[in-house]
Amino acid sequence: RALEGAHAQCAARLDSLDAWKKRVEDDLCRREEAFEKDARTHAETHQRLSTQLDALDVWSKEAREDLGSYKVSCVNADKRVRKVEERTKRLEEATDACREALGAV
C-alpha cells in the first residue's frame with residue numbers, strides 16, 4: 001500500500017510537472033510568435049521609412065533643381081526688366097525730343 005501511495009504521489013507530481021512544462025512551452029511559443037510579429041512589424045516599418053526617405057531625397061533634389069531654375073529665371077527676368085526700363089527711358093527721351101522739335105516748328 002505504501003508503495004501504491006508513493007506511486008500515486010509520483011504520478012500526480014509527474015502530471016503536475018507535465019502540465020507546468022506544457023504551460024512553459026505554450027508561453028515560450030506565444031512569446032516567440034510575438035517576437036516574430038514584432039520583428040516583421042519592425043522590418044516593414046523600416047522598409048516603409050526607408051522608401052519614404054528615398055522619396056524625400058528625390059523630392060529634395062528636384063526642389064533644389066527647381067530652385068536653381070527659378071533663380072536663373074529671376075535673373076533673366078531682372079535682365080528683361082532692366083532692358084524694358086532702358087527702352088522706356090530712351091522712348092521717353094525720344095518723345096521729349098519730338099515734342100521739343102514740334103514746339104520749335
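A salt bridge is taken here as a side-chain nitrogen of Lys or Arg within 4 Å of a carboxyl oxygen of Asp or Glu, and Lys 21 forms one with Glu 25, the closest N and O atoms being 3.9 Å apart. The model is a predicted one, and it holds 1 helix and 0 strands. By the salt-bridge rule, the count comes to 5.

**Overall form**

- Helix α1 covers residues 2-104, while Arg 1 sits in the segment before α1.
- The radius of gyration of the protein is 44 Å, whereas a compact globule of 105 residues would have a value near 13 Å.
- Along the principal axes, the C-alpha atoms fill a box of roughly 150 × 20 × 10 Å.
- Arg 1 and Leu 17 are 16 residues apart along the chain, and their C-alpha atoms are separated by 24 Å.

**Surface and exposure**

- Of the 105 residues, 0% count as buried, and the protein exposes about 10,000 Å², of which carbon and sulfur atoms supply 58%.
- Leu 17, Trp 20 and Val 24 together make a nonpolar surface patch of about 310 Å².
- Leu 17 counts as partly exposed because its relative accessibility is 46%, whereas Arg 1 counts as exposed because its value is 87%.

**Charges and salt bridges**

- The protein carries 21 positive and 23 negative charges, and the mean positions of these two sets are 2 Å apart.
- Side chains of opposite charge can pair when their charged atoms come close.
- Lys 21 and Glu 25 are 4 residues apart in helix α1, so they are separated by about one helical turn; Lys 21 is partly exposed, with a relative accessible area of 48%, and Glu 25 is also partly exposed, at 41%.
- Arg 31 forms a salt bridge with Asp 27, with 2.8 Å between the closest N and O atoms, and both residues lie in helix α1, 4 residues apart, or about one turn of the helix.
- Within that pair, Arg 31 is exposed, with a relative accessible area of 57%, whereas Asp 27 is partly exposed, at 28%.
- Asp 27 and Arg 31 also belong, together with Arg 30, to a network of linked salt bridges.
- Further along helix α1, the side chains of Asp 96 and Arg 99 meet in a salt bridge with an N to O distance of 3.9 Å, the two residues being 3 apart, about one turn of the helix.
- Asp 96 counts as partly exposed because its relative accessibility is 42%, and Arg 99 counts as exposed because its value is 58%.

Note on methods. Residues are numbered from 1 along each chain as its sequence is written. This is a predicted model: local features need pLDDT of at least 70, side-chain atom pairs count only at pLDDT 80 or more; totals for chains, interfaces and linings use all residues. Side-chain values use heavy atoms; hydrogens and water are left out. Patches are made of residues with over 30% relative accessible area and no salt bridge: like charges are joined within 9 Å, nonpolar side chains (Val, Leu, Ile, Met, Phe, Trp, Tyr) within 5 Å. Accessible areas come from the Shrake-Rupley method with a 1.4 Å probe; for residues, only the protein chains shown count as cover. Buried means under 20% relative accessible area, exposed over 50%, partly exposed in between (1.4 Å probe, protein chains only). The radius of gyration is taken over C-alpha atoms; the globule rule is 2.2 Å times the number of residues to the power 0.38. Lys and Arg count as positive and Asp and Glu as negative; His and the chain ends are not counted. The place of a charge is taken as NZ of Lys, CZ of Arg, CG of Asp or CD of Glu.
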